[in-house]
Every structure is written in C-alpha cells, then in structure tokens.
Amino acid sequence: MRSQKLWPLLFMSFSLWAQESDLIQIQSVSYPRNSKASFCKRPLEMLDTIVFHHSETPTTQTPLQINQLHLNRGTPSDPWYMVAYSFQVQAPYLGTTVPASGVFEGRPLDLVGAHAGSQAFIPMDVEQKRLWDEGQILCGKEGEEFKLDPKQLNNVGNIKANVTTLGIVVIGNYARFGRDNPNGYRPSKVRNPTSQLLDILARTSCQLQRKNPRIKYLRWHNYYNSTTCPGNIKNFVPQIRALAKGYGCEFK
Amino acid sequence: MRIQIILVLALFMNVAHATEKEMRHLFHKYDAIMLRHRVEHIDSVFTKAFLDAHGGREEFIAMVKELPRDELKSLQPPEFSWKKSMKEEVFFATLKPLGSENLKSKSSEIHSGTQFIIVKEKGKLKIDGTVSDAH
C-alpha cells in the first residue's frame, strides 16, 4: 500500500529531472491543418541541418497567426498543410519588452518542412542515401496511402533541402527597410538579434542535437536561396555556434 | 446551360482582369513612394494597421526619406506576380527585385522574396503586411 502511494511521487520527481536536463522549454501548440494538402514524412535520422529564418512580420504575431498566414498562402490547386517551420521563436527587439520570449513547436519534426525553398537541392550523405533508397521518405495526404515521390530528387540525384533540414523561424524582421522589405528596420537604426535571442537559438539548437546527434550544421535561409531572410541573424550564426559549444554542442 | 457557363467564365475573367489592373496600379504607386519619396500616396498604398505597426504614418514617412532617391531613372512599371489566397479578399504578391534580369543572367541562384499581404480596405487593395517567402 505504501509503495503504491510512492509511485506518483517517484514519477513526478523523474518528470522534474527530465525538465531540468533540457536546455530550454519548448511549448507545444495545437495548430489547425489543411487535410487537403499533401506533405512528406521522414525518419529523424534524415536530419543533419538547422536553418534559421525570420518571419518578416511584426514580433507580436503569434505562432498560431503564422500558421494561419501559411494556411492562407496556399491556393485551392496548391494548398499548404500547416506552418512551414519546425520551431517558432518569439522574442522582443532590443529596448522593448514585448512579446515575452518563448520557443514553440511548429510542424512536427518527422514531417518535411517547407522553408528552405522548393527548388533548393543538396547532396545526400551515405546515411541519407540509404534512407532514401529504402523508401523511407513518403508523401501523401491525411487518410491516404503515402508513396515515394521522385520529385524530391533532382536529375543529378540531389535531394530537396527541406527533406534533410529543419527550420527555426524568429518572429520579427531583422533586415533593412527598403523596396523589397517594407517591414524592415529603419536604415539609421540597425536591428540586430539580442544576446537573449542568440542564447535561445543556441540552447534550442543544442537541445535538438542532443536528441538527434546527426544534426551538425547551422545554416540560414539565404544559404539556399537569394532572399533577405533571415536579415542580420545570419551574421550572428558564428556566435550561436560558440554559445552552443558552451552547452556542449559542436556545430559546423 | 452552355450560355450560363460562358457568362460565369466571362464574369470571372472580368473580375480577375480588374484585380490585375488594380494590383498594377497599387505597385506603381508603391514604387513611387519607395523610389521617389512620393509619400502623398502612402494612405492609398498601405492599410492603417500596417502604418500603425511602424509607429504611425509620420514614422513611416521618415523611414522612406532615409532611402536613396532616384529621380533620374524613369519609373519602369514594376514586375510582380500575385495570387488569391485561401481566404476571401486576401492576396499574396511577389515583387520582382529591380535589376533582377541582370542578376539572373549572371547567376543560377534561385530567388525567393518577400510576400506582400494585400487586403481590401474600404473597397481598395492595399498592402497590409509582409511575410518571408518559404515553401
């Protein structure tokens, strides 16, 4: 009888230990999805790269609003399944206090994201090639049979970057104001990520590497495409790598 | 029945044509603001919500005035593409960067850009925000 009463206590202390061992708390969000849209599934061993983005929206947009924006961006002939990124980060700009900082789950990690650009293809390593050859990347719609999609490879055997990467978006705009970016920062007031945001990105990346040891690269959106995204965050990737090293993680 | 289908198609094409024309007009005025500092167009190009998110109309004008102004080149009609979103009366548009033809010939880089969120405010198309290109 006494031992039965102890079980919940033991379980609680284990849960607390598990939370303390995490570098950062990632909050889950229940996102609406479009069941008419197709998407692809992947084993987590396929992942080797984290790609940073900014949303080019105000910082006050919520993860649910970003999801809704992405659902809206689809068309009846090309619907979008849900938010394109695997994680969303809310953080205030320097000198402001809203929104409160937080990391939120986005598209589940075992679903291929839609963030690096559908025309960006990259070579696979031996393990990724094996997973592809075994037919472990399957595409389809909810409630239907998932199948191999040859369009995930280009004519030289490179794979879509979306399949081997996961996207982390920082909600906000870290690029300069201009014709191509009317939501950007005022040219005379350069906007860089705060040290708190850099630490959040380092902790999140390190935590992901701890759980998925094949993740070893930190990249940014315009590594794959000619775009202003992720603005000045790109310049701080070496600093994010250095901070992650402080938490025991190595990134290239 | 056939006549009805033709009438519906004709109506649809007419609406699409009118939207295309209005979109072209919107981006022409947008370029006049961003390239020529013609800030008198601001209220007809951006929604009130967009301007408020930038600290208000005056702050936005100050931002525009910090951009380089080019009066010498003639203002070319902007090249853009747009599509209707899943939501009624919301459109997404992509503006082709200036000089991108030259870039394209020199590099095989893939270009993706800012998506402009266009909504109807008091019956007129206006820019309500942007979102980074993804997919």
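I looked up Glu56(A) and counted 28 C-beta neighbours inside 10 Å, so Glu56(A) goes down as buried (20 or more other C-beta atoms within 10 Å of its own, with C-beta atoms placed from the backbone). This is a predicted model, where local features need pLDDT of at least 70, side-chain atom pairs count only at pLDDT 80 or more, and totals for chains, interfaces and linings use all residues. Residues are numbered from 1 along each chain as its sequence is written, while chains are lettered from A and ligands numbered from 1 in the order in which they are written.

I then checked the backbone of Glu56(A): its phi is near 60°, a positive value in a residue other than glycine. I found Glu56(A) in the loop between β3 (49-54) and α2 (63-73) of chain A. For my labels, helices (H or I, at least four residues) and strands (E, at least two) are DSSP runs, numbered from the N terminus.

Lys122(B) sits in the loop between β3 (115-121) and β4 (124-131) of chain B. Is Lys122(B) buried or exposed? I got 7 C-beta neighbours inside 10 Å, so I put Lys122(B) down as exposed (12 or fewer).

Why jot these down? Most residues other than glycine have a negative phi, and most peptide bonds are trans.

Next, peptide bonds. I found a cis one from Val98(A) to Pro99(A), omega near 0°; Pro99(A) is in the loop between β4 (87-90) and β5 (102-105) of chain A. I also found Cys229(A) to Pro230(A) cis, with omega near 10°, and placed Pro230(A) in the loop between β10 (217-220) and α6 (237-246) of chain A.
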